[in-house]
Amino acid sequence: SASALGTSSASKSSLAIFNDTLGPMWVVIPVSEYVPVDPDVEEWAQQLAEDANAMTAGGVKVRYHTGEESRTAQISELGLRALVTLTGEGDDSVITIDPSVVETLEQVFEGMSAPGHPAVISADPDLPDGTQVVISGGEPGIECCHADTGQFILEGLVQDVEIIDIPSRVVRHPMGLQWAQSLGLSEVVGEFTTYFVAGQSRTINIARIAELTRGAIIAPGETFSVNDHVGKRTRVKGFVTAGAIEQGVLIEDVGGGVSQFATTLFNAVFFAGLDFVEYSSHSIYFERYPFGREATISFPFPDLAFTNNTPYGIMLWPTTTNNSITVRLYSTPWVVGEQTEQYTWKQGTSCTRVSTTRTRTWLADGHTEQDKVVARYRPEGLRCDGSPSVTTTTTIPVVPVPIPDSDDNDDGGG
């Protein structure tokens, strides 16, 4: 074989190989003879070996710190020499530290890390510079150890540093600055406002559900469900008793009024051209909502859910005043929706069905598609066939939302 310190001169020899079937066979193979190389190269190799032994004598101390925590470890002489390698060829050879030292030190300093922070995204359509979405924070974290750790250790050995500091590896937070910037939250792509009477208990619930959903991010292809995101409306979560609908009549229930949030969100989604997955209109029509284009919610159903059918992220940003709620959807413009037709017809003796056509236009190529949202209304306390659902509890005049066909399972938060 060739030596690192010499060359080979081939000669021939023979070797017997035994075969179970044919018996012994003789094969001629080349054999190398050692020939010394240039004495200068041999001297260089010897010097490298002496330098490596000198540098690694007694091992070395290494230190890793995160800014808040610092820890020192000793690498033994034997362990350190196991990491020393020679790279290159001949008199171009140099001493290096095997990259596997990173894996070794990761175990030594396991648990020492400084976590990164998620980005904070906020919206304000009235900023003076025209910016509508503000991204802050999102700093990355650090872990041990940097890929160049071996080189740092080698330099420390050469300089005879008493304790060698190990560099960190930067680790991006999965919801850090880069993630936030990639969402494309540049401007309002869907917006709607509805109004209410100030001072009523239901306004507390409207403001609370707006607070719980503000800043929700819907990734491309992801479905957002109000009930999944908020959960059951309870006093512990900050909801109070207010007007709601149950079995076609007006009642009082914890969380009453949150359907005004649902209707406002429903319309923002409608005009943003997003795909509806689940919705249900009120069973009783309220004049504060667009006729045939509104939604109710209760828990666990009915729910309001929609899918982000764009290649950009969408941020939900509801805000309230003392007499209104506005829901804005922030993203990059991709598709827009508009109401282009609406018609009604009677169902049974008491109910009214409403079909509203939405025309969606895709901005990239201008092509359009149409879909429909439907609602069904009935007088309070009556089924579509005119029979009573339950005892009427109010005399407020109402006009005869979707869908399931049963008369009693489409009530909600008023």
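Visitor: Which residue in E20 stands opposite Ile218?

Guide: Strands of a sheet pair through backbone hydrogen bonds, in either a parallel or an antiparallel manner. Here Ile218 faces Ile314 in E20, and the two strands concerned, E14 (residues 217–218) and E20, run antiparallel and are joined by two bridges. Strands (E, at least two residues) and helices (H or I, at least four) are DSSP runs numbered from the N terminus, and two strands pair if DSSP finds at least two bridges between them. This is a predicted model, in which local features need pLDDT of at least 70 and side-chain atom pairs count only at pLDDT 80 or more, while totals for chains, interfaces and linings use all residues. Residues are numbered from 1 along each chain as its sequence is written, and side-chain values use heavy atoms, with hydrogens and water left out.

Visitor: What order do the four strands of this open sheet have?

Guide: The order is E13-E21-E20-E14, with antiparallel pairing. Strand E13 (187–195) and E14 stand at the edges with a single partner strand each, so one side of each has no neighbour in the sheet. E21 (residues 324–331) is in turn joined to E20 by six antiparallel bridges, with Pro318 opposite Val327, and the hairpin between E20 and E21 passes through three residues.

Visitor: How many residues of E20 are buried?

Guide: Burial is read from relative accessible area, where under 20% is buried, over 50% is exposed and anything in between is partly exposed (1.4 Å probe, protein chains only). Five of the seven residues of E20 are buried, so the strand is largely enclosed by the rest of the structure.

Visitor: Where is the place of Asn308, and which backbone oxygen lies 2.7 Å from a polar atom of its side chain?

Guide: Asn308 sits in the loop between strand E19 (305–307) and strand E20 (314–320), and it counts as buried because its relative accessibility is 1%. A polar contact is a pair of N or O atoms within 3.5 Å; within protein, one must be able to donate a hydrogen and the other to accept it, and residues adjacent in sequence count only if both atoms are side-chain atoms. In this case the backbone oxygen of Tyr312 is 2.7 Å from a polar atom of the Asn308 side chain. If contact is taken as heavy atoms within 4.5 Å, then Asn308, leaving aside its neighbours within four places in sequence, touches residues including Ile218 and Ile314, the pair that opened this discussion.

Visitor: Where does Ser350 have its place, and is it buried or exposed?

Guide: Ser350 is in the loop between strand E22 (335–347) and strand E23 (351–362), and its relative accessible area of 8% makes it buried. A polar atom of its side chain lies 3.5 Å from the backbone nitrogen of Gly386.

Visitor: Which residues line the largest cavity?

Guide: On a 1 Å grid over the protein atoms alone, a cavity is a set of points where a 1.4 Å probe fits but cannot get out, and lining residues have an atom within 4 Å of a point. The lining consists of Val189, Ala272, Leu274, Thr310, Ser331, Thr332, Pro333, Trp334 and Val335. The space in this cavity is about 50 Å³, a volume being the space filled by probe spheres set on the grid points, which are joined across faces, edges and corners. The lining divides into six nonpolar residues, three polar and no charged, where Ala, Val, Leu, Ile, Met, Phe, Trp, Tyr, Cys and Pro count as nonpolar, Asp, Glu, Lys and Arg as charged, and the others, Gly among them, as polar.

Visitor: Which peptide bonds are cis, with omega near 5° or about 0°?

Guide: The bond from Phe299 to Pro300 is cis, with omega near 5°, and a cis bond with omega about 0° joins Phe301 and Pro302. Pro300 belongs to the loop between strand E18 (275–278) and E19, and Pro302 likewise lies between E18 and E19.

Visitor: What is the phi of Asp160, and is it positive or negative?

Guide: Asp160, although not a glycine, has a positive phi of about 60°. Asp160 is in the loop between helix H4 (149–158) and strand E11 (163–165), and at 67% relative accessibility it counts as exposed.

Terms used. On a 1 Å grid over the protein atoms alone, a cavity is a set of points where a 1.4 Å probe fits but cannot get out, and a pocket is an open set with protein on both sides within 12 Å along at least five of seven lines; lining residues have an atom within 4 Å of a point.
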